[in-house]
Amino acid sequence: MRQIESIREMQEWSAGQRLAGKRLALVPTMGYLHEGHLSLVDEARRRADLVAMSIFVNPTQFGPNEDFEKYPRDLPRDRALAESRGVDVLFVPAAAEMYPPGDQTAVTVAQLSRGLCGAFRPGHFRGVATVVAKLFLIAQPHVAVFGEKDYQQLKILQRMVRDLHMPVEVVGLPTLREKEGLAMSSRNAYLSEAERMEALNISRAIAAARDAAQSGERRTAALRERALAVLAEGKNTVVQYLEIVDAGTLEPAEVLDRPARLILAVYLNGKRLIDNGPL
Ligand code: AMP
């Protein structure tokens, strides 16, 4: 596995491989890799000749009071995991190069960024869309693989490539979970054992709403109550939002008459966790 830090070098590698007729995949991450990230690499392998993974804790997608400084980082471990899974190039750019001094350009995907996480993290999705646009221009992938774990992000990036005519296919993959149901996340490293136990309520809440939907409940208000009741069992859990939305537009859904998604964010002792699932 080759590690590349310079933007120019990454662009030259990709351009050379494209010229040689290779199909390229990119898996963008913030590192501290887990099996969820690696499942994206497996899919990238199936869809391309060469797989690049980026590791970049992107400062512009963190708010001033968020966890940018303490976000978990372990490049040696990530490098070993990426290599063992067959990543061909690990791209690890420096923030100073990604954001040239005096930069003035950003990508905003307006409507899809408004609700859900966007309502509580102003500027977050602008940071995400901007960094992913940069990564696409640098790594020049034919296909990029993302997780449904960050469902709103996935929809925003799919909209971005359509709107900007980027020649990249954005693929979304289902969330990988621990055996008990907790969605894998780098931020799970923040949780104590007791908090991990309480966090199981999150996937249970989604399952409760799904079970009720499968039993015929169509009113999303009732499904929402089911999920909130499960989360209310956790003494240290504070729900930031829990919404049932159209799976494509992310607009609130009143009844389940088309594909919908339950999406939520909670604080567990101040540690923010997100999850979602289809209904
Ligand atoms: P992150 O490092 O958190 O920015 O995530 C990088 C990519 O991995 C994003 O596309 C995420 O949606 C995806 N991802 C994160 N957690 C999971 C998971 N549990 N299962 C599948 N994909 C995931």
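Predicted model: local features only at pLDDT ≥ 70, side-chain atom pairs only at ≥ 80, totals over all residues.
Residues are numbered from 1 along each chain as its sequence is written, and side-chain values use heavy atoms, with hydrogens and water left out. Local features need pLDDT of at least 70 and side-chain atom pairs count only at pLDDT 80 or more, whereas totals for chains, interfaces and linings use all residues.

Me: In what order do the strands of the parallel open sheet stand?
Reply: Helices (H or I, at least four residues) and strands (E, at least two) are DSSP runs, numbered from the N terminus. Two strands count as paired if DSSP finds at least two bridges between them. On that basis 6 strands form an open sheet with parallel pairing, in the order E1-E4-E3-E2-E5-E6.

Me: Which strands stand at the edges of that sheet?
Reply: An edge strand here has a single partner strand, so one side of it is left without a neighbour in the sheet. The strands in this position are E1 (2-4) and E6 (169-173).

Me: Which residue of E5 is the bridge partner of Ala25?
Reply: E2 and E5 pair in the parallel sense over 2 bridges. In E5, the partner of Ala25 is Val143.

Me: Which strands does helix H7 touch, and what angle does its direction make with that of E6?
Reply: Contact means heavy atoms within 4.5 Å. Helix H7 (residues 151-163) packs on the sheet and touches E5 and E6. Its direction makes with that of E6 an angle of about 165 degrees.

Me: Which element supplies the largest share of the shell around the ligand?
Reply: A residue is near a molecule if one of its heavy atoms lies within 4 Å of it, and 17 residues surround the ligand, the closest being Met30, Gly147, Asp150, Leu176 and Met184. Strand E2 (24-29), helix H2 (35-47) and strand E5 (143-147) each supply at least two residues of the shell. The largest share, 3 residues, comes from H2.

Me: How many Å separate a nitrogen atom of the ligand from a polar backbone atom of Leu176?
Reply: A polar contact is a pair of N or O atoms within 3.5 Å; within protein, one must be able to donate a hydrogen and the other to accept it, and residues adjacent in sequence count only if both atoms are side-chain atoms. An oxygen atom of the ligand lies 2.9 Å from a polar backbone atom of Met30, and a backbone N or O atom of Met184 is 2.9 Å from a ligand nitrogen. For Leu176, the distance from its polar backbone atom to a nitrogen atom of the ligand is 2.8 Å.

Me: What percentage of the area that the ligand exposes when taken alone does the protein bury?
Reply: Accessible areas come from the Shrake-Rupley method with a 1.4 Å probe; for residues, only the protein chains shown count as cover. Taken alone, the ligand exposes 480 Å². Of that area, the protein buries 93%.

Me: Is Ser185 buried or exposed?
Reply: Buried means under 20% relative accessible area, exposed over 50%, and partly exposed in between (1.4 Å probe, protein chains only). Ser185 lies in the loop between E6 and H8. Its side chain has a polar atom 3.0 Å from the backbone nitrogen of Arg187. Because its relative accessibility is 18%, Ser185 counts as buried.

Me: Which residue of E8 is the bridge partner of Val239?
Reply: 3 strands form an antiparallel open sheet in the order E7-E8-E9. Within this sheet, E7 and E8 are joined by 9 bridges. The partner of Val239 in E8 is Val266.

Me: The backbone nitrogen of which residue is reached by the side chain of Asp246?
Reply: Asp246 is found in strand E7, and it is buried, with a relative accessible area of 13%. At 2.9 Å, its side chain reaches the backbone nitrogen of Thr249.

Me: Is Pro252 buried or exposed?
Reply: Pro252 is placed in the loop between strand E7 (237-246) and strand E8 (260-268). Not counting residues up to four places away in sequence, Pro252 touches Glu243, Ile244 and Val245. Because its relative accessible area is 53%, Pro252 is exposed.

Notes. Axes fitted to C-alpha atoms, helices over the stretch in contact; angles between N-to-C directions.
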